[in-house]
Every structure is written in structure tokens, then in C-alpha cells.
Amino acid sequence: MFDVEKIRADFPILKREIYGKPLVYFDNGATSQRPARVIAKMDDYYLNWNANVHRGVHYLSNVCTDGNEEARRTVRDFIGAASEKEIIFTRGTTESINLVAYSFGERFIGKGDEILVTEMEHHADIVPWQMLCERKGAVLKVLPFTDEGVLNLEALDRLLTNRVKLVGVVHASNVLGTVNPVREIIEKAHAAGAKVLVDAAQSIAHTEIDVQALDCDFLAFSGHKIYGPTGVGVLYGKEALLEEIPPWQGGGEMIREVRFEKTTYNDLPFKFEAGTPDFIGIIGLGEALKYVGGIGLKAIGAYEGELLKYATGRLLEIPDFRIFGTAPEKSALISFQVGTIHPLDLGTLLDRMGIAIRTGQLCAEPIMQHYGVHGMARASFAMYNTREEIDIFCEAIRKTGALFEGGKA
Ligand code: PLP
């Protein structure tokens, strides 16, 4: 039995009221909330153990170093990596992708080479590749999606020429919710000689991921979207590939020997971790993954799937309610418009009723262009959301619609 009330009790912020109304937090796609035990773990390290990692011989430094490296092993096990050398700590998904765009790009991308991304990527999986293409004279190609929000895999066969060196694909779209068939895409890309980076920012908290079963070359995610702290994320890369590509940032920690004539670099994963890491954030991320692992992503995914089904059914009863993204494989978020109500007006009015949703271009302007809209509203669910909250949300949308002359303002 999935005990949502027990889970809710772990998140103090969910007891808050906003404008005197109980908080309904449906902006989990932007960032999730953190359970008390993650905050307590970080507090404990700040209050009792703080010292810089990988440097000191003293007690506190060793405690923090051990905590940092234990968190790395927790991440390794959470995503099924073969070795902790394949787990690089970054500031988040965005930084992880930029790292690959720089380092992989430096080593493997030349003039006329192609990078293939999908039309449903977040800006974080578009712009770093455009910058790389500008630096190297490479070309960015785009795999389109259908109006339903499903990638056109026939076009993939056509686009995967032997000039494509890397494919960037989002596992679950932050706008459409579509869960992409990444295993199939990876197989096809490998057959064409391309490497694949999977953007798992939106899938990591909702579905089990096994990087070895997927056979992805790189995978990126952020801690703050899986009940962990902000400012910490992960880049997974296959060890042999990480060995081949150069470091990105230079500084302390990433070196073996520094001479003015020539510097040599540290072993994996430290070669990619220049400077003092956010080790207490990393320890917090480890704690968040243990917490999620204790509940189980299978149970979480099943519960959220039920929420999505319930919310979709109820929302479609509302006149002029339009959902963007109706793929059969969908994660628990709904991007929408109601009649001609501006998403910003909708979001502002819902906020007054204690409901937090995201509005605007959702960091995915090409998706807005696909549908010819300026913006959308998005409700994104987490394991602590409930049917009762969905009922409150539907009622609030009906009220807002009524304010705008029968929903057709
Ligand atoms: N990719 C996807 C699909 C996202 O949804 C997000 C954040 O919303 C990102 C990348 C960027 O994540 P971050 O801002 O944590 O680096």
C-alpha cells in the first residue's frame, strides 16, 4: 500500500498555507520539495562536521570526504552504473550537459559533423550544442515530434547519418510529459556510430533508471528534482569514454601534478571536478536518493500514474480545457490552456487560491512554436500529491474560467 499521508508528513512545507489556503504544490517539474531528513542531514554536517574534502588529514575533513564518496556510491547504485568513477558531481543537469558539450565536443566534434537533438528538448539540451556547433563549424539537426507529442522515429532513421556524432534526447519531456523510447533510440544511434546523452532531469524521480541496461553513453540529472538540494547534480558517463575526453574546468582537485611546463590530470571522476565541490549538498543528494529508494520508484511511478489518469479525466470535463501532450507513455505532468485565458492570468489567480503551477514558455520555446502558442500552464505532480489536491485544482480552474466570461475571455 502506498501511504501518501505518511510521505506527506516527511515534507514540512506541505503543511503551509498560502494566502490562508492550504498549499497545493503542483510545480514539481520545476523543483520538488525536500523531506526533513535531507535538511537534517545537511544541517548535521554544517553544524558538526564541516571541513573541506579530499584535502585534509584531519578528522573532520575525513568525515566529509567519506560522506561525499558514500553519496557517490549511492548515486552509482541508484542508476545502476558499473563504477563510481562514472559518477561526476556537477551543479545540475544544465552543467552536466555543458560539460559533455565542451569535453566530448573538444575531442570528437569537427567541421561538418552533426549533433542530433529532438524538437522537445529543454533549452539546457539545445543551447550548449548550438554553442558547440558555432565553435566547431558543426551542424545541429532536429528530430521532430507529432502533435500528440510522440517522436517521429521514422525520421530518426533518415536523420541518423554517419555524420551524427552525438544524439541528445530527453527521457521525459518537461512540457509534453512524453516518456521517450530511449533504449530504442540509443540502439539506433549506436548502430549509426553516434553516442547518446540522455537528459533524465524529469524522469529521475519518477521511474527506475538503469544506465547499463539503457546502454546510454551519458546521462544527466539534477538533485533538486528528486527531493534533494539545489545546486547539485550528476553526470554519468561510460568510464572508457570519460577517459578519452579532456577535462572541462581547471583548478584544484582535478590535477595530479602541476608544473609551469605541463600539468597532468587526476583520475576519474576527479578529473572533471575542479575546485571545492558542494560536498554537503552532495551528501544531501545521497540522503534524498536513499529516501526515494526506501519508498521505491516502482511504487512511486504507479501512484503518480494513477494521479495523472485521474487528473486528466477530471480536467477534460472542464469546457475548453486543452492538453498539450497526449502520448501513451506519459509522466505525471499536464501542460494546458483553458479557453483563451492567458496562462499568466491563470497562474496568478490559482496562486491566490494557494495553488502553485508553472506558466510561460517552460524553458522549451521550440515546443511553443510547434503548437503556435506563446505559453502554457503546467501542473506537475510528485509522490506526495493527492486526488483531493487535484479536486481543489479542478474547482479552482472552473472558478477562474467562470471569471472570464464562461471560460472564453
Ligand atoms: N532538462 C529538463 C528536461 C528539465 O526539465 C530541466 C529543468 O527544468 C533541465 C534540463 C535543467 O535542469 P537544471 O535547471 O536543474 O539544470
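This note goes through salt bridges, the ligand site, aromatic pairs and backbone features of a predicted model.

1. Basis of the values. Residues are numbered from 1 along each chain as its sequence is written, and side-chain values use heavy atoms, with hydrogens and water left out. Because the model is predicted, local features need pLDDT of at least 70 and side-chain atom pairs count only at pLDDT 80 or more, whereas totals for chains, interfaces and linings use all residues.

2. Salt bridges and the Arg378 pair. The structure holds 25 salt bridges (a side-chain nitrogen of Lys or Arg within 4 Å of a carboxyl oxygen of Asp or Glu). One of them joins the side chains of Arg378 and Asp27, at 3.7 Å from N to O. Arg378 lies in strand 17 (residues 376-380) and Asp27 in the loop between strand 3 (24-25) and helix 2 (36-49), so this pair ties together parts that are 351 residues apart in sequence. Helices (H or I, at least four residues) and strands (E, at least two) are DSSP runs numbered from the N terminus. Both Arg378 and Asp27 are buried; buried means under 20% relative accessible area, exposed over 50%, and partly exposed in between, with a 1.4 Å probe and protein chains only.

3. Arg37 forms a salt bridge with Glu287, and the closest N and O atoms are 3.0 Å apart. Arg37 belongs to helix 2 and Glu287 to helix 10 (residues 279-295), so the pair ties together parts that are 250 residues apart in sequence. Arg37 is partly exposed, at a relative accessible area of 37%, whereas Glu287 is buried, at 11%. A network of salt bridges links Arg37, Lys41 and Glu287.

4. A salt bridge within a helix. The side chains of Glu187 and Arg183 also meet in a salt bridge, at 3.2 Å from N to O. The two residues are 4 residues apart in helix 7 (residues 182-191), a separation of about one helical turn. Arg183 is partly exposed, at 35% relative accessibility.

5. The ligand shell. The ligand is surrounded by Thr93, Thr94, His122, Ala124, Val170, Asn174, Asp199, Ala201, Gln202, Ser222, His224 and Lys225; a residue belongs here if one of its heavy atoms lies within 4 Å of the ligand. The shell divides into 3 nonpolar, 7 polar and 2 charged residues. In this division Ala, Val, Leu, Ile, Met, Phe, Trp, Tyr, Cys and Pro count as nonpolar, Asp, Glu, Lys and Arg as charged, and the others, Gly among them, as polar.

6. An N or O atom in the side chain of Thr94 is 2.6 Å from an oxygen atom of the ligand. A polar side-chain atom of Asp199 lies 2.5 Å from a ligand nitrogen atom, and one of Lys225 lies 2.6 Å from a ligand oxygen atom. The protein covers 85% of the 390 Å² of accessible area that the ligand has on its own (Shrake-Rupley method, 1.4 Å probe).

7. Aromatic pairs. A search of the whole structure finds 13 aromatic pairs; rings of Phe, Tyr and Trp (its six-membered ring) pair if their centres lie within 6.5 Å, with planes under 30 degrees apart counted as stacked, over 60 as edge-to-face and the rest as tilted. Phe11 and Tyr227 form an edge-to-face pair, at 5.6 Å centre to centre and 65° between the planes. Phe11 lies in the loop between helix 1 (4-9) and strand 1 (17-18) and Tyr227 in the loop between strand 9 (218-222) and strand 10 (233-237), so the pair ties together parts that are 216 residues apart in sequence. Phe11 and Tyr227 are both buried. The rings of Phe11 and Tyr291 have centres 6.0 Å apart and planes at 65°, so this pair is edge-to-face. Tyr291 is in helix 10, so its pair with Phe11 ties together parts that are 280 residues apart in sequence. Tyr291 is buried. Ring pairs also link Phe26, Phe321, Phe336, Phe381 and Phe393 into a cluster.

8. Backbone points to inspect. Most residues other than glycine have a negative phi, and most peptide bonds are trans. The peptide bond from Leu268 to Pro269 is cis, with omega near 0°, and Pro269 lies in the loop between strand 12 (263-265) and helix 10. Tyr19 has a positive phi, near 50°; Tyr19 is in the loop between strand 1 and strand 2 (21-22) and is partly exposed, at 43% relative accessibility. Asp215 has a positive phi, near 70°; Asp215 is in the loop between helix 8 (211-214) and strand 9 and is partly exposed, at 27% relative accessibility.

Notes. Polar contact = N/O pair within 3.5 Å; in protein donor to acceptor, adjacent residues only side chain to side chain.
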